[in-house]
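The entries below follow the order in which I looked.

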Amino acid sequence: MNFKVLIITLLLPFSALAKEELKIFTYGSFNSDWGPGPNIEKEFESICNCDLIWNTADSSGALLSRVKLTNNKEGYDILLGLDDSLVDEAKKNDLFIKHSVQTDGLDIDWNDEYFTPFDYGYFSFIYDSDKLNQPPMSFKELAERNEISIIIMDPRYSTPGLGLAKWINQIYKDEASNFWNKIQDQIVITSKSWSDGYGLFLEGESDLVLSYTTSPAYHSLVEGSSQYKSLKFEEGHASQIEVMGILNNASNLDLAKSFLEFSLTDGFQQYIPQGNWMYPVLNLKESQKEFYDAAPLPVSLDQVFPSSEEKDSWIASWEKSIIE
Amino acid sequence: MNKFYFDWGVSFLRLPYLIYLAFIITLFISSLFIFSDIKDFKEFNLLSYLGTIKFTFFQAFLACFISSIVGFFFSLIFYFSNKDPRVISSFLNFCFILPVIFVSFGSIFFYSSNGILSIIFDWLPIDYDMKIFSLKGIIYVTSYFNIALNANFFYRKLINIPENYMKVLQSNGIPFLKSIRLQLKKFIFSGYSSVLILSFIFCIGNFTIVYLLSGSPNLTTIELAIYQSIVFDADLKMGILLGITQLVIILLISISIIGKTTTFNTFTTFKKSYKNLEKSLFIEIIFWSIIVYFSIPFLVLIKGIMSFNTELLISITFLKSVFNSLLVSTLSLSISISLTLSSLYVYRSFLDKKSPFHKFIFLSISMLLFIPSLSLSAMIFYLNFKLNFIFESIWIVSIINSFFITPIMFIFLSGKFIENHNFEFKNITLLNITSFTRLIKIDLPKIRFEFILVCTTVFVLSLGDLTSVTIFNNSTFKTIPLYISQLYSNYRYNDAFFTLSLFIMFIILIMYLPSKLLKQNVKS
């Protein structure tokens with residue numbers, strides 16, 4: 001017998017045992033030791049007979065940039081962690097394929113053929129109630145009270161930063177630039193990422209920080225501290241929906257589709273509230289009661305899915321105020 | 001008849017340098033291809049980066065200016081303090097090569113709104129208004145390193161003032177400070193242009209400091225803009241173009257400063273004559289204040305030790321980061337050693353033959369100092385993309401690190417390596433000694449002290465690097481500085497400070513052992 005054939009015949013049973021791999025590209029905190037990734041990995045691997053391989057980038061914006069830059073030559077199957085503001089740009093670059101996953105019966109209105117949602121939240125400002133006794137109740141009051149210092153995120157590089165630009169534009173529309181001008185002196189730090197900015201707020205660098213209405217739940221449920229609270233603005237709060245999609249040159253389409261379906265089940269969603277500290281897209285108000293109690297849903301503004309041009313105009317409003 | 005003789009040692013010694021040249025040329029040519037599909041040059045709106053370019057040079061000039069003045073003042077205090085020059089010089093060297101991430105976080109720990117200084121002010125009680133995440137913070141941390149560099153340079157000059165000079169001054173009753181202004185200026189400032197350039201390059205390329213302390217989009221340097229172009233805007237072209245812009249401006253400024261200097265004499269010995277200066281309480285107080293100033297970042301060690309965390313020590317992420325850091329530093333050092341020795345060999349062989357090509361070798365290596373590390377990262381990223389990602393991140397980061405430590409090694413070793421080369425050349429020709437034997441038997445023993453010191457220094461520099469790894473990291477590849485920065489970003493301050501403390505203690509150990517070894521060698 002040919003020697004090569006013999007070797008291949010001997011190795012064949014081992015190759016049959018090799019598991020399929022699903023490569024997911026996400027932002028760092030999702031798959032950190034303290035994020036939901038490790039638990040989700042265990043749950044999915046217990047039902048798929050596959051290996052789930054994570055790779056990470058610094059932020060949502062960095063995720064999209066990386067696959068744009070490389071045309072996904074790095075071979076990821078799923079990109080997890082874009083937000084609704086980046087969906088249009090992602091579609092325009094022809095990087096994703098349609099998913100055909102049912103998205104009925106979710107806690108949010110969703111209808112998109114390329115992406116499925118996995119969590120959502122509302123932007124808000126967080127304050128330390130031990131230091132700020134009379135928090136502002138509206139954007140108008142915030143701009144009038146010059147003594148209040150704020151940390152925001154750079155809208156060019158951070159999705160919460162872009163979320164604030166969206167929020168201000170939803171409320172002030174053509175007057176957005178003027179509003180940015182009014183609060184410019186109060187902004188003490190414009191951080192590159194949400195985690196940088198939030199960390200600096202906890203270090204005492206400002207009175208308010210741009211974050212989510214769910215942030216106080218982390219302090220309350222993990223640290224047992226109730227001093228951090230979310231502002232409730234009369235104008236309402238803008239929302240953010242985080243999504244995932246199957247990349248164009250995914251090597252394992254069936255497995256990728258199974259993961260998207262899995263993401264809309266309890267097995268995935270149960271780890272979102274106290275892992276990613278966002279609202280799950282399934283209604284888990286009964287099983288996650290303590291989370292919803294600590295992070296009640298605020299008054300919501302209409303959901304907006306901006307085009308790339310709208311997104312650029314929000315950023316331009318902000319940039320104009322910096323230059324001025 | 002002449003017998004054909006092929007010296008394998010020569011080819012072996014030239015090989016790393018030739019590989020390096022080929023790699024650099026390939027890299028530059030492939031980077032030019034990225035611009036091949038340009039239809040309209042207006043798409044490069046470099047003018048929109050005018051503010052960034054202005055800020056980059058403004059902060060660099062400011063930090064250089066402050067560092068020169070403060071450094072000179074510190075050197076005078078050190079000179080008048082009558083302390084052991086070796087201890088002072090080693091201390092300043094140590095401060096200069098401390099990891100940027102350590103000094104940055106140490107300064108945050110001391111100066112931030114919840115920092116030690118704020119607590120002291122609260123207790124007094126005085127309003128505290130220092131914002132570390134600002135231009136002040138960037139200049140403060142950048143200057144920390146440059147003050148150490150400048151002070152060390154001036155101090156070595158002061159210590160080496162010839163004794164007869166001092167005697168003449170004393171006999172004429174000219175006060176020392178007046179004599180500096182009138183007569184010693186030329187001696188003290190000779191060779192300062194190289195320090196100024198080194199200082200300026202450091203200030204321009206201080207990515208980590210601006211990355212950690214920039215609190216506003218207005219405080220963006222070119223290095224940070226390159227990072228943002230690559231990581232967030234998927235715009236490699238702009239990253240490379242910004243890098244070229246920075247390179248051109250640095251080169252122009254450097255050429256105007258340096259003139260025709262081609263070697264740096266960095267290992268001056270302590271000859272002299274500092275003795276018998278009168279001790280003064282005033283000098284003593286300022287001396288210890290300066291020591292306190294340089295020790296401020298070390299206060300973070302107290303916080304770190306108090307935050308001891310066994311779980312973190314055995315966590316996979318921590319252990320992987322330690323392993324990656326050591327591997328990257330070892331690889332970088334190995335690449336640098338072979339490239340440096342090879343370049344030095346080629347450099348000296350041209351000198352032996354009195355060929356002007358030695359200048360080309362010097363330039364081809366020292367130009368690496370001027371290329372922004374993130375631009376080089378952009379170029380390598382593009383090349384790797386074209387080669388379907390054949391290089392793993394660990395190799396890319398090691399290569400980039402080695403490219404930045406090689407010129408340092410080359411510059412520091414070149415003086416000693418070429419010492420007496422004419423005399424040696426004549427003798428080895430007469431004795432028919434091969435190049436390889438010359439390297440092993442003559443060169444390496446000759447430079448061994450400097451070699452060990454420089455290897456330690458560049459190993460530490462590579463260990464503390466947080467530039468290219470910000471672009472090439474992934475979930476399996478993190479280094480310790482990146483791990484610390486991510487812990488801090490995720491407001492796990494105690495863990496960040498604990499890891500930082502372990503890291504700096506390890507670095508102190510690395511720096512201590514070779515100096516101990518050298519001392520024993522000297523005694524024996």
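**Entry 1: what I am looking at.** I remind myself that this is a predicted model, and I read every value here as a computed one.

**Entry 2: chain B as a whole.** I looked up the secondary structure of chain B and found 24 helices and zero strands. The radius of gyration of chain B is 24 Å, close to the 24 Å that the globule rule gives for 524 residues, so chain B is as compact as a globular protein of that length. Along the principal axes, I noted that the C-alpha atoms of chain B fill a box of roughly 90 × 70 × 50 Å. I then looked up burial, and buried residues account for 44% of the 524 residues in chain B. For contacts in chain B between residues at least 6 apart in sequence, I found that 85% join residues at least 24 apart.

**Entry 3: one residue of chain B.** I picked Ile204(B), which sits in helix H9 (residues 192-204) of chain B. Is Ile204(B) buried or exposed? Ile204(B) has 26 other C-beta atoms within 10 Å, and because 20 or more count as buried, I recorded Ile204(B) as buried. Beyond its neighbours within four places in sequence, Ile204(B) is in contact with Thr56(B), Ala60(B), Gln246(B) and Ile250(B). I also noted that 6.7 Å separates the C-alpha atoms of Ile204(B) and Phe57(B), although these residues are 147 residues apart along the chain.

**Entry 4: the domains of chain B.** The domain assignment of chain B gives domain 1 (9-33 + 309-524) and domain 2 (53-220 + 278-300), and the C-alpha centres of these two domains lie 27 Å apart. I looked up their contact, which takes 21 residues from domain 1 of chain B and 13 residues from domain 2 of chain B. On the side of domain 1 of chain B that touches domain 2 of chain B, two or more residues each come from helix H18 (373-386), helix H21 (435-463), helix H23 (480-489) and helix H24 (493-523) of chain B. The largest share of that side, six residues, belongs to H24(B). By class, I recorded 15 nonpolar, six polar and no charged residues on this side of domain 1 of chain B.

**Entry 5: the domains of chain A.** Chain A is divided into domain 1 (19-120 + 240-294) and domain 2 (121-239 + 298-323), with C-alpha centres that lie 25 Å apart. Here 24 residues of domain 1 of chain A are in contact with 25 residues of domain 2 of chain A. Which element gives the most to the side of domain 1 of chain A that touches domain 2 of chain A? I found that H4(A) does, with four residues. The class make-up of this side of domain 1 of chain A is eight nonpolar, seven polar and nine charged residues.

**Entry 6: strand S5 of chain A.** In strand S5 (residues 115-128) of chain A, 13 of the 14 residues are buried, so S5(A) is largely enclosed by the rest of the structure. I went through the pairings of S5(A) one at a time.

- S5(A) runs antiparallel to strand S10 (residues 239-247) of chain A over seven bridges, and Asp119(A) has Glu242(A) as its bridge partner in S10(A).
- With strand S8 (residues 208-212) of chain A, S5(A) pairs in the antiparallel sense over five bridges, and there Ile126(A) stands opposite Val209(A).
- Three bridges join S5(A) to strand S9 (residues 228-230) of chain A, again antiparallel, with Lys229(A) as the bridge partner of Tyr127(A).
- Two bridges join S5(A) to strand S11 (residues 279-280) of chain A, also antiparallel, and Tyr120(A) stands opposite Tyr279(A).

**Entry 7: where the chains meet.** The contact between the chains takes 33 residues from chain A and 26 residues from chain B. On the chain A side, strand S2 (50-57), H3, strand S7 (187-191) and helix H8 (194-202) of chain A each give two or more residues. I recorded the residues of that side as nine nonpolar, 14 polar and ten charged.

**Entry 8: the nonpolar core.** In the largest nonpolar core, of 220 residues, Ile78(A) and Leu79(A) touch the most other members. Helix H6 (residues 135-159) of chain B gives the most to this core, with 15 residues. Not counting residues up to four places away in sequence, I listed Ile24(A), Met244(A), Ile246(A), Leu247(A), Ala256(A) and Phe259(A) as touched by Ile78(A).

Technical notes. Residues are numbered from 1 along each chain as its sequence is written. Chains are lettered from A and ligands numbered from 1 in the order in which they are written. This is a predicted model: local features need pLDDT of at least 70, side-chain atom pairs count only at pLDDT 80 or more; totals for chains, interfaces and linings use all residues. The radius of gyration is taken over C-alpha atoms; the globule rule is 2.2 Å times the number of residues to the power 0.38. A residue is buried if 20 or more other C-beta atoms lie within 10 Å of its own, exposed if 12 or fewer, and partly exposed in between; C-beta atoms are placed from the backbone. Two residues are in contact if their C-beta atoms, placed from the backbone, lie within 7 Å. Two strands pair if DSSP finds at least two bridges between them. Domain bounds come from an automatic or database domain assignment. Ala, Val, Leu, Ile, Met, Phe, Trp, Tyr, Cys and Pro count as nonpolar, Asp, Glu, Lys and Arg as charged, and the others, Gly among them, as polar. A nonpolar core is a set of buried Ala, Val, Leu, Ile, Met, Phe, Trp, Tyr and Cys residues joined through C-beta atoms within 7 Å.
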